[in-house]
Amino acid sequence: MILCVAELLERSKKGEKKTDVARKFDIVHNVVSRLWKSFKTTGMCSRRHGGGRVRSTTPAEDRYIVLSAKRNRRTTAQQVANQFLAASGKQISRKTVARRLRGGGLYARRPVVCVPLTRLHRTARLQWCREHHNWTEQDWACVLFSDESRFSLFSDCRSQLIWRESGTAYRPENIQEKDRYPTCSIMVWAGIMINGLHNGAYMWLRMGL
């Protein structure tokens, strides 16, 4: 901008127009006019910063909002706003809470759901892995691999979101343990057997109503 005004002053002495300066610097003609008017009035050509909207929270209050969500990751943005109102007496919207949480690296995501495992379950699984660690390809050729998927017939029972950082889906605090589903559903169970002669796929359908 200083170069623009300097060029403008030099060209003004020669009687050239402001539009020529604007065209040379590839800027709008109004910008050159405002700079020229400011320079004639104050002798300076610094850019005037816009006022903008005043932030409704301070940096310390932003940290409080993020800390509140980390203490209870399953709380909603509106609940965090209510807690903030009770603590500070200042009312903010849930959208403001969501923006502050995003600024703190927290995003609303579905929690990872897993079956709760006891210490006995973990011990048995670790033992099984150690027993089959040295199996060859021929040993695994006659093994039936199976899996099952559940399809809910009504509304999703995982509608509740949690606040978590990116890449932390499998941290213990972000995992929801669940082994019962109150709604009606269909459970599809499938198995694939692979041997040295041929590949076969078998599927069974079990109604979990």
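Modeller: A definition comes first: axes are lines fitted to C-alpha atoms, for helices over the stretch in contact, and angles run from 0 to 180 degrees between N-to-C directions. Helices (H or I, at least four residues) and strands (E, at least two) are DSSP runs numbered from the N terminus. The model is predicted, so local features need pLDDT of at least 70 and side-chain atom pairs pLDDT 80 or more, while totals for chains, interfaces and linings use all residues. Residues are numbered from 1 along each chain as its sequence is written, and side-chain values use heavy atoms, without hydrogens and water.

Biologist: How are α4 and α6 oriented to each other: roughly parallel, roughly antiparallel, roughly perpendicular or oblique?

Modeller: Their axes lie 9 Å apart, at an angle of about 85 degrees. Angles under 35 degrees count as roughly parallel, over 145 as roughly antiparallel, 65 to 115 as roughly perpendicular and the rest as oblique. The orientation of α4 to α6 is therefore roughly perpendicular.

Biologist: Which residues of α6 meet α4?

Modeller: Contact means heavy atoms within 4.5 Å. On the α4 side the residues are D62, I65, V66 and A69, and those they meet in α6 are V97, R100 and L101.

Biologist: Within what arc do the buried residues of α5 fall?

Modeller: Those residues are A77, V80, A81 and F84. The arc is taken from the directions from the helix axis to the C-beta atoms. Because the buried residues line one face of α5, the arc they fall within is 100 degrees.

Biologist: What is the relative accessibility of S68?

Modeller: S68 is found in α4. Leaving aside neighbours within four places in sequence, S68 is in contact with V80 and Q83. S68 counts as buried because its relative accessibility is 8%.

Terms used: Buried < 20%, exposed > 50% of the residue type's maximum accessible area, 1.4 Å probe, protein only.
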